[in-house]
Amino acid sequence: YDENGSNKKDNTWMKFLGISKQDGLFGVFRGENYKIIKEKIAGFEKNTMIERSPYALMVKPAEGSKTPVKYMNPLEKVYEPLKGESSYPALITTKHNKGKVIYFSELIGAFYGECKPDSQKYLIANIIKSITVNTLEIEAPSTVEVELRSQRNPDRLLIHLINMSGAIKRPITEIISVHDV
């Protein structure tokens, strides 16, 4: 789809992401819906179930793509028995030349940003670690935001550590001290 929501006939981008077809959207439901880990990935063992975003696409993988995480069939209400595994992948991996594409078919960043489930934080972080060569790891409270900037003349890397503890709730009633980072 283009920026106006119109169906785009050119599917080059879908092929790049490892998608052969989009069947639609899962119904939006804030409750118990899951995805299942089909092969050990990102620190999760096979058959582990983790939460899925309420906003997820139903896509079919392209030939040659791998689908290490799949959606469970959606539930219509909370405390309902599981309905088995769907045929739709939650994560698709594809290789292109020397590179690797990892595609989440859900709004995982928005889901994590709004609900903060640890499972999504670990999934996102470990997927990024698995495909990057140089990483920076900081041992700090989760309220510390890390910003990296490169600068020329002089050529250097700037690391900004920002105490975001005041961003938790408004009005700010307490500033949490961050130390020993």
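**Notes on the predicted model**

1. A word on confidence to begin with: this is a predicted model, and the mean pLDDT of the protein is 88, with 94% of its residues at 70 or more. Among the elements, strand E8 (residues 144–151) has the lowest mean pLDDT, 88, whereas strand E5 (residues 66–72) has the highest, 97.

2. On the overall layout, the protein has three helices and nine strands. The C-alpha atoms fill a box of roughly 45 × 45 × 40 Å along the principal axes.

3. Strand E5 deserves a look of its own. Five of the seven residues of E5 are buried, leaving this strand mostly covered; across the protein, buried residues make up 29% of the 181 residues.

4. Which strands pair with E5? One is strand E2 (residues 34–37), which is antiparallel to E5 over three bridges; here Ile36 stands opposite Lys70 of E5. Another is strand E6 (residues 85–96), also antiparallel to E5 and joined to E5 by four bridges. In that pairing, Met72 has Glu85 of E6 as its bridge partner.

5. As for contacts, take those in the protein with a separation of 6 or more: residues 24 or more positions apart account for 54% of them.

6. Finally, the surface and charges. The accessible surface comes to about 12600 Å², and carbon and sulfur atoms contribute 51% of that. The protein has 26 positive and 22 negative charges, and their mean positions lie 5 Å apart.

Notes. Residues numbered from 1 in each chain as written. Predicted model: local features only at pLDDT ≥ 70, side-chain atom pairs only at ≥ 80, totals over all residues. Heavy atoms only, no water. pLDDT = per-residue confidence, 0-100. Helix = DSSP H or I, 4+ residues; strand = E, 2+ residues; numbered from the N terminus. Buried < 20%, exposed > 50% of the residue type's maximum accessible area, 1.4 Å probe, protein only. Contact = heavy atoms within 4.5 Å. Areas by Shrake-Rupley, 256 points an atom, 1.4 Å probe, with all protein chains shown as cover. Lys, Arg positive; Asp, Glu negative; His and termini not counted. Charge placed at Lys NZ, Arg CZ, Asp CG, Glu CD. Pairing = 2+ DSSP bridges.
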